Amino acid sequence: MTMKKTLIPIAIALAFGAAAPAFAQSKGDWTLGVGVHQVNPKSDNGTLAGGTLPLDIDSDVKPTITFEYFLRENLGLEVLAALPFKHDIAVDGVGTVGSTKHLPPTVSLQYHFNSKGKVSPFLGAGLNYTTFFSEDTKGALAGTDLKLDDSWGLAAHVGMDIKVSERGAVRVDARWVDIDSDVKVDGAKLGTANIDPLVYGVAYVVKF
């Protein structure tokens, strides 16, 4: 009898928990995501000096933030922002020749599947603008003026939200971003950096 008295309230609580509203998105909802992501440039980053000097740009990890507004049920417009990422720039056979910082704000239209379920995958596509700044030189380019031009490009987004509460979810995601930048030294164009990174990480997303 004591066991029954113990199990009945637990069963009622579980029933109410199962019936609680899911992390579903409706028209007019907002979400805020705070996380950490790695920008991982592709392995072939372009060349300088007429194709004779292959570039190698390293990866970096920084905190990120996203805002998403739902235009209709499950269809949202998302903006990605982050703290500045920093990358060392190396030339094969020469070594590290400089570094740069960049900000990659990205706007994406994305669709969320199974938003009433525990796990909700999503797909998105949009536009990226990357601005480079704080370029520095060292090694073979020490003392020169290095400049990377800003870039516009397409972006793709894929991931999933794992619901942990009525308004909260853990998000695991990845992006591909088209980032191509003209590289100039003392005002002269030396080549193009084809960065085209994968950006992947994890975030906590809250619905308003």
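**Nonpolar patch and strand pairing**

Modeller: Strand E4 gives the most to the nonpolar patch, with three residues; strands (E, at least two residues) and helices (H or I, at least four) are DSSP runs numbered from the N terminus. The model is predicted, so local features need pLDDT of at least 70 and side-chain atom pairs pLDDT 80 or more, while totals for chains, interfaces and linings use all residues. Residues are numbered from 1 along each chain as its sequence is written, and side-chain values use heavy atoms, with hydrogens and water left out.

The patch lies on the surface and consists of Trp30, Phe67, Tyr69, Leu71, Leu77, Val79, Val107, Leu109 and Phe208, with about 800 Å² of accessible area together (Shrake-Rupley method, 1.4 Å probe, only the protein chains shown counting as cover for residues). Patch residues have over 30% relative accessible area and no salt bridge; nonpolar side chains (Val, Leu, Ile, Met, Phe, Trp, Tyr) are joined within 5 Å, like charges within 9 Å. A salt bridge is a side-chain nitrogen of Lys or Arg within 4 Å of a carboxyl oxygen of Asp or Glu. At least two patch residues come from each of E4 (60-72), E5 (75-82) and E8 (106-112).

Tyr69 belongs to E4. Tyr69 counts as partly exposed because its relative accessibility is 31%; buried means under 20%, exposed over 50%, and partly exposed lies in between.

Elsewhere, E2 (residues 46-48) and E3 (residues 53-57) pair antiparallel over two bridges, pairing requiring at least two DSSP bridges. Thr47 has Pro54 in E3 as its bridge partner. Four residues separate E2 and E3 in this hairpin, and Ala49 in the turn has a positive phi of about 55°. E3 is also joined to E6 (residues 85-91), antiparallel, by three bridges, with Ala90 in E6 the bridge partner of Asp56.

Conventions:
Buried means under 20% relative accessible area, exposed over 50%, partly exposed in between (1.4 Å probe, protein chains only).
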